[in-house]
Amino acid sequence: MRFKGKLTSWNDDRGYGFIEPIQGGQAVFVHITAFDPRGGRPQVDDLLWFEVEPGLRGKSRAKNVEYVRRPVAQDKIQDESEAPPGIGSLAAVPGFVLLYVVVGILWEPPIIIAIFYIGASAITFQTHRNDKTAAQQGGWRTSENTLHMLAFAGGWPGALLAQQVLRHKSVKREFQGVFWFTVVLNVAGFILFCSPMAQRLLAVFLKEIG
């Protein structure tokens with residue numbers, strides 16, 4: 001038996017949500033794998049046809065989910081792949097390279113820091129690539145918190161490159177706001193860590209534990 005309902009909640013990072021049946025009753029759990037990947041990513045307020053099957057612990061879950069129609073307002077939202085690339089944002093990368101050169105001349109930070117940034121950026125770029133592939137194919141998504149943590153840990157140049165080259169996470173304002181906050185924190189931390197005061201404190205600490 002097929003039912004009609006509305007998607008009342010959706011966690012796109014984890015790929016699940018709940019459908020409220022039109023005829024009333026308890027909300028039904030739905031996972032991204034119940035949707036046809038060709039139909040696009042689910043969004044709150046989507047009207048759906050679905051079937052029900054037993055889930056974990058006896059709770060019902062939706063299967064064979066199809067869209068009845070999608071709200072008109074959503075059709076007007078510009079897709080990230082169609083949005084013009086924000087080339088200006090990439091200026092932050094050469095800007096940071098220049099800052100690194102200046103800091104290197106003044107304070108001579110250990111080369112391991114540069115290697116760490118390169119490695120973290122490569123990992124972060126690949127993580128963004130995997131997340132976009134999952135979004136297109138209806139797979140399991142990487143949480144935004146994980147992407148932000150990678151950026152904060154030094155992978156933000158790779159994240160920024162992925163946003164512009166892959167056109168992924170480059171439009172969502174909330175994500176961008178947090179992302180640039182992590183960039184500022186990371187750059188500030190880099191300057192502080194490489195400063196003579198921090199190096200003196202580190203030397204004292206290593207001497208004490210040695």
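**View A. Gly40 in the loop between strand 3 and strand 4.** Gly40 counts as partly exposed, at 33% relative accessibility. Buried stands for under 20% relative accessible area, exposed for over 50%, and partly exposed for what lies in between (1.4 Å probe, protein chains only). Helices (H or I, at least four residues) and strands (E, at least two) are DSSP runs, numbered from the N terminus. From Gly40 to Lys59 there are 19 residues in sequence and 26 Å in space, C-alpha to C-alpha. The model is a predicted one, in which local features need pLDDT of at least 70 and side-chain atom pairs count only at pLDDT 80 or more, while totals for chains, interfaces and linings use all residues. Residues are numbered from 1 along each chain as its sequence is written, and side-chain values use heavy atoms, with hydrogens and water left out.

**View B. Asp45 and Asn64, two residues with a positive phi.** Most residues other than glycine have a negative phi. Asp45 is not a glycine, yet its phi is positive, about 85 degrees. Asp45 belongs to the loop between strand 3 (28-31) and strand 4 (47-54) and is partly exposed, at 40% relative accessibility. Asn64, also not a glycine, has a positive phi of about 50 degrees. Asn64 sits in strand 5 (residues 60-69), and its relative accessibility of 42% makes it partly exposed.

**View C. The salt bridge between Arg2 and Glu51.** Side chains of opposite charge can pair when their charged atoms come close. A salt bridge is counted when a side-chain nitrogen of Lys or Arg is within 4 Å of a carboxyl oxygen of Asp or Glu. The structure holds seven salt bridges. In one of them, the side chains of Arg2 and Glu51 meet at 3.4 Å, N to O. This pair links distant parts of the chain, 49 residues apart: Arg2 is in the segment before strand 1 (3-11) and Glu51 is in strand 4. Arg2 is partly exposed, with a relative accessible area of 35%.

**View D. The salt bridge between Asp12 and Arg141.** The N to O distance in this pair is 2.6 Å. Asp12 lies in the loop between strand 1 and strand 2 (16-21) and Arg141 in the loop between helix 3 and helix 4, so the pair links distant parts of the chain, 129 residues apart. Asp12 is partly exposed, with a relative accessible area of 26%, whereas Arg141 is buried, at 6% relative accessibility.

**View E. The salt bridge between Lys169 and Glu144.** The side chains of Lys169 and Glu144 meet at 2.9 Å, N to O. Lys169 is buried, with a relative accessible area of 7%, and Glu144 is buried, with 11%. Elsewhere, salt bridges that share partners join Arg2, Glu51 and Glu66 into one network.

**View F. Thr127 in helix 3.** Thr127 is buried, with a relative accessible area of 16%. Leaving out residues up to four places away in sequence, Thr127 touches Thr142, Leu147 and Leu150. Contact here means heavy atoms within 4.5 Å.

**View G. Helix 5 and its buried face.** Helix 5 has 22 residues (residues 173-194), which should span 32 Å at 1.5 Å a residue; its end C-alpha atoms are 32 Å apart, in agreement. The expected span is 1.5 Å times one less than the number of residues. Phe175, Gln176, Phe179, Thr182, Val183, Asn186, Val187, Phe190 and Cys194 of helix 5 are buried. Down the axis of helix 5, these buried residues fall within an arc of 130 degrees, so they line one face of the helix; the arc is that of the directions from the helix axis to the C-beta atoms. An α-helix has 3.6 residues a turn, so residues three or four places apart point the same way. The buried residues of helix 5 pack against helix 2 (92-107), helix 3 (111-137), helix 4 (144-165) and helix 6 (196-209). Arg173, Glu174, Phe181, Val184 and Leu192 are exposed on the face of helix 5 turned away from its buried side.

**View H. A nonpolar surface patch of about 450 Å².** Leu98, Val102, Leu106, Trp107 and Ile191 make this patch. Helix 2 gives the most to the patch, with four residues. Leu106 is in helix 2 and is exposed, with a relative accessible area of 59%. Patches are made of residues with over 30% relative accessible area and no salt bridge, with like charges joined within 9 Å and nonpolar side chains (Val, Leu, Ile, Met, Phe, Trp, Tyr) within 5 Å. Accessible areas come from the Shrake-Rupley method with a 1.4 Å probe, and for residues only the protein chains shown count as cover.
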